[in-house]
Amino acid sequence: MAQRLCPSTPVRQRRPRQESGDHLAFIRTLSCAVCGTFHKTEAAHIRMGEMEYGKRPTGMAEKADDKWTLPLCGDCHRNQHVGSEAAFWCHAALNPFVLALSLWAATGDENTCEQILRLARARR
């Protein structure tokens with residue numbers, strides 16, 4: 001059994017990140033969640049947290065699980081990371097947590113996911 005060198009220092013173990021290359025590739029085929037364009041869609045990870053949905057905030061050197069991604073065009077993705085991410089989603093009038101979980105549940109079904117995105121944009 002290995003001993004810790006300094007027993008008073010807690011060992012911080014990172015929770016393994018849940019990755020899904022298939023889901024990220026699928027997200028990139030969808031229209032932008034904010035503006036609706038199909039131009040160069042990127043898989044944008046939500047970094048902020050919301051415990052109501054089971055999403056913890058991610059640190060500086062940490063990326064969120066792949067289920068917390070949304071399709072954003074390049075312009076919208078850059079704007080997501082300028083200033084407050086919460087302000088970006090508030091201005092877009094979208095709940096990114098509900099939207100990401102909905103897309104995760106329907107991953108692979110392009111028609112259903114596009115319908116989810118259209119409905120989200122229409123409710124603004």
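This talk walks through the structure shown above, from its overall layout to a few individual residues.

Good morning. The model is predicted, so local features are taken only where pLDDT is at least 70 and side-chain atom pairs only at pLDDT 80 or more, while totals for chains, interfaces and linings use all residues. Residues are numbered from 1 along each chain as its sequence is written, and side-chain values use heavy atoms, with hydrogens and water left out.

I begin with the layout. The chain holds 5 helices and 2 strands. Helices (H or I, at least four residues) and strands (E, at least two) are DSSP runs, numbered from the N terminus. Read from the N terminus on, the order of the elements is α-β-β-α-α-α-α. The chain has 124 residues, and 39% of them count as buried. Buried means under 20% relative accessible area, exposed means over 50%, and partly exposed lies in between, with a 1.4 Å probe and protein chains only. The chain exposes about 7,800 Å², of which carbon and sulfur atoms supply 54%; such areas come from the Shrake-Rupley method with a 1.4 Å probe, and for residues only the protein chains shown count as cover.

Let us also consider contacts, meaning heavy atoms within 4.5 Å. Among contacts between residues at least 6 apart in sequence, 67% join residues at least 24 apart.

Next, the strands. E1 and E2 pair in the antiparallel sense over 4 bridges, where pairing requires that DSSP find at least two bridges between two strands. In this arrangement His-45 stands opposite Thr-69 in E2. In a regular strand the side chains alternate between the two faces of the sheet. In strand E2 (residues 69-72), Thr-69 and Pro-71 point one way, Leu-70 and Leu-72 point the other way, and all are buried.

Which residues touch the most other members of the largest nonpolar core? They are Val-34, Leu-72, Trp-89 and Leu-94, in a core of 29 residues. A nonpolar core is a set of buried Ala, Val, Leu, Ile, Met, Phe, Trp, Tyr and Cys residues joined through side-chain atoms within 4.5 Å. Two or more residues come from each of helix H1 (21-27), E1, E2, helix H3 (85-92), helix H4 (96-105) and helix H5 (110-122). H4 gives the most, with 4 residues. Leaving out residues up to four places away in sequence, Leu-72 touches several residues, including Val-34, Ala-44, His-77, Phe-88 and Trp-89.

Apart from neighbours within four places in sequence, Ala-120 is in contact with Leu-94 and Leu-99.

I turn to the aromatic rings. A pair of aromatic rings is described by the distance of the centres and the angle of the planes. Rings of Phe, Tyr and Trp (its six-membered ring) pair if their centres lie within 6.5 Å; planes under 30 degrees apart count as stacked, over 60 as edge-to-face and the rest as tilted. By this rule there are 3 aromatic pairs. The rings of Trp-68 and Phe-97 have centres 6.2 Å apart and planes at 75°, so this pair is edge-to-face. Trp-68 lies in the loop between E1 and E2 and Phe-97 in helix H4, so the pair ties together parts that are 29 residues apart in sequence. Both Trp-68 and Phe-97 are buried. The pair of Phe-88 and Trp-89 is also edge-to-face, because the ring centres are 4.9 Å apart and the planes stand at 80°. Phe-88 is buried at 13% relative accessible area, and Trp-89 is buried at 2%. Tyr-53, Trp-68 and Phe-97 form one aromatic cluster.

How many salt bridges does a search of the whole structure find? It finds 1. A salt bridge is a side-chain nitrogen of Lys or Arg within 4 Å of a carboxyl oxygen of Asp or Glu. Here the side chains of Arg-78 and Glu-42 meet at 2.7 Å, N to O. Arg-78 belongs to helix H2 (residues 74-80) and Glu-42 to strand E1 (residues 42-45), 36 residues apart. Arg-78 is partly exposed at 47% relative accessibility, as is Glu-42 at 21%.

Finally, the backbone. Lys-40, in the loop between H1 and E1, has a positive phi of about 50° although it is not a glycine. Lys-40 counts as exposed, at 63% relative accessibility.
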